[in-house]
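Take a look at the structure below. We will walk through it step by step.

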Amino acid sequence: MNKHLRGSIFSQASYIGAHLPMNVTTLPKPPRVGLVSLGCPKNLVDSERIMTKLRAEGYDMSPDYAGADVVLVNTCGFLDSAKEESLEAIGEAIAENGRVVVTGCMGKEAEVIRERFPNVLAITGAHQYEEVVAAVHEAAPPIPSPFIDLVPEAGLKLTPRHYSYLKISEGCNHRCAFCIIPHLRGDLVSRRPDAILREAEKLIAAGTRELLVISQDTSAYGVDIRHKAWPWKGEEVRAHMTDLSRELGKLGAWVRLHYVYPYPHVDNIMPLMAEGLVLPYLDIPFQHASPSVLRAMRRPANDAKVLQRIRSWREQVPDLAIRSSFVVGFPGETDEDVAYLLAWLEEAQLDRVGAFKFEPVEGAPATSMDDQVPEDIKQERFEKVMALSARISAEKLQRKVGSMIDVLIDAVDEETGGATGRSKADAPEIDGEVHLRDAGELKPGDIVSVQVEDADEHDLFGVPA
Ligand code: SF4
């Protein structure tokens, strides 16, 4: 008799469609996963999430060891006795089936597991759904089926096919005084670089021409997993912004980096931009320039030498576009702080600037700070920053008139024969656009060479060359 899995939540499962009508198409037999779920209800919910994902991908569940192509053991490590039970469960799964993936709390003690069971196929920690599912894919690859695969391989997208956001981490280790994101989303949790690169490959295969790398703090990517390296295409890639950017760049799409804090290692991205692997574009949310406001805001990478670094970046990458956002009216901000900010902006010559008036958010420390700035003063300061940035932007765009630039087409108007797109200096939604005439034969996703004919404060106007 087949031995049932201990703690299995599928041993009583009955399957819909057990009695199929005659003459139906015979589908290939899907791979089967056995699950041993130990520990508390939180672990059980994790097991449910993993199994829901695997079922949606066409995997079947096996109530016994013998029928499983791979056995997943979701462990508990809360007490020594729970650890021992987890190790016993792994041992039983190895003895009865042999192909075992371990996940859950004991994933933190991978060396203990490996020492006792060197044949375990993969070990991942609690809540690492993506990693567990990737390990199951490797152990028992899913069978592609047009009857099951309602979701395209690249996933469902809310953006147009030709550009895609690529999230590399969740959460944030900083505690800026105006922000509640760490409270809502927790500390930094970075994705594995190989999982990100696989996702990027799928997106590109499905038509993406531009990858927009996003996170709360892109420069901090991998800090939480100590920049661990994973195998990728016969080599190793570290969970580090520089390595990830380089590998993404090799995939052939435009790679645009958002939410980059100016830590020293951002300097290492410049050679990648100079080589053309990463777009000459940096989205750095400076938020202010005055040292006292930045201190009060508790901003990360609050480096007084940032202007010097911007100069040095531009020497290496002359067409580097920098976009940033600034908050005016933060509690305690004085007229001198605003004058400092305006002088700084004049010096920094940023390409794109978004300004915001400070808004108190429930739960953020800044909300209860003394010296809140009255709304009319906030408005005045906001207008000063916007007027200055509009002037700088207009001057910089004017200098592009007469030049040739690459433009990624976003939309074509068949009636007028015009098209709208973006240059390497423009991210979708937040930056300017390039408006083209005589471009009716183009289609969204095309990248074309454009002669710039005119410019205003935010946009360029031109014609395909
Ligand atoms: S504003 Fe500060 S705390 Fe909030 S997500 Fe950004 S870096 Fe983290």
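Helices (H or I, at least four residues) and strands (E, at least two) are DSSP runs, numbered from the N terminus. This is a predicted model: local features need pLDDT of at least 70, side-chain atom pairs count only at pLDDT 80 or more, and totals for chains, interfaces and linings use all residues. Residues are numbered from 1 along each chain as its sequence is written.

Start with the whole protein chain. It has twelve helices and 20 strands. Its C-alpha atoms fill a box of roughly 80 × 60 × 40 Å, taken along the principal axes. Buried residues make up 38% of the 465 residues. Here, buried means that 20 or more other C-beta atoms lie within 10 Å of the residue's own; exposed means 12 or fewer, and partly exposed is in between, with C-beta atoms placed from the backbone. Now take contacts. Two residues are in contact if their C-beta atoms, placed from the backbone, lie within 7 Å. Among contacts between residues at least 6 apart in sequence, 72% join residues at least 24 apart.

Next, turn to the end of the numbering. For "domain: TRAM", an unreviewed UniProt entry lists residues 398-465. UniProt positions are given in the numbering used here, feature names are shortened, and annotations may be inferred rather than shown by experiment. This span is 1% helix and 49% strand. Its end C-alpha atoms lie 19 Å apart.

Which residues does UniProt place under the feature "binding site"? The unreviewed entry gives C40, C76 and C105. They are spread over 66 residues of sequence, yet they cluster in space: the largest C-alpha distance is 10.6 Å.

Look at C76 in more detail. It sits in the loop between β3 (70-75) and α2 (80-96). C76 has 21 other C-beta atoms within 10 Å, so it is buried. Leaving aside neighbours within four places in sequence, C76 is in contact with L38, G39, C40, N43, A82, S86, G104 and C105. C105 belongs to another loop, between β4 (100-104) and α3 (110-116). C105 is buried because 23 other C-beta atoms lie within 10 Å. With neighbours within four places again left aside, the contacts of C105 are G39, T75, C76, G77, F78 and A126.

F78 lies in the loop between β3 and α2. Is F78 buried, exposed or partly exposed? It has 13 other C-beta atoms within 10 Å, so it is partly exposed. Beyond its neighbours within four places in sequence, F78 is in contact with G39 and C105. F78 and R99 are 21 residues apart along the chain, and their C-alpha atoms are separated by 25 Å.

Now find the ligand. The residues around it are C172, H174, R175, C176, C179, I181, P182, Q216, D217 and P300. A residue counts here if its C-beta atom, placed from the backbone, lies within 6 Å of the molecule. This shell divides into six nonpolar, two polar and two charged residues. Ala, Val, Leu, Ile, Met, Phe, Trp, Tyr, Cys and Pro count as nonpolar, Asp, Glu, Lys and Arg as charged, and the others, Gly among them, as polar.

Move on to T208, in the loop between α6 (193-205) and β9. T208 counts as buried because it has 25 C-beta neighbours inside 10 Å. Not counting residues up to four places away in sequence, T208 touches R161, H162, Y163, S164, L203 and A253. T208 and Y165 are 43 residues apart in sequence and 9.9 Å apart in space, C-alpha to C-alpha.

Most residues other than glycine have a negative phi. Phi of R226 is near 50°, a positive value. R226 is in the loop between β9 (210-214) and β10 (229-232). It has 8 C-beta neighbours inside 10 Å, so it counts as exposed. Phi of D371 is also positive, near 55°. D371 is in the loop between β15 (352-357) and α12. With 10 C-beta neighbours inside 10 Å, D371 counts as exposed.

Finish with a helix pair. The axes of α11 (residues 335-348) and α12 (residues 375-398) come within 10 Å and cross at roughly 10°. Axes are lines fitted to C-alpha atoms, for helices over the stretch in contact, and angles run from 0 to 180 degrees between N-to-C directions. α11 and α12 are therefore roughly parallel to each other. Angles under 35 degrees count as roughly parallel, over 145 as roughly antiparallel, 65 to 115 as roughly perpendicular and the rest as oblique.
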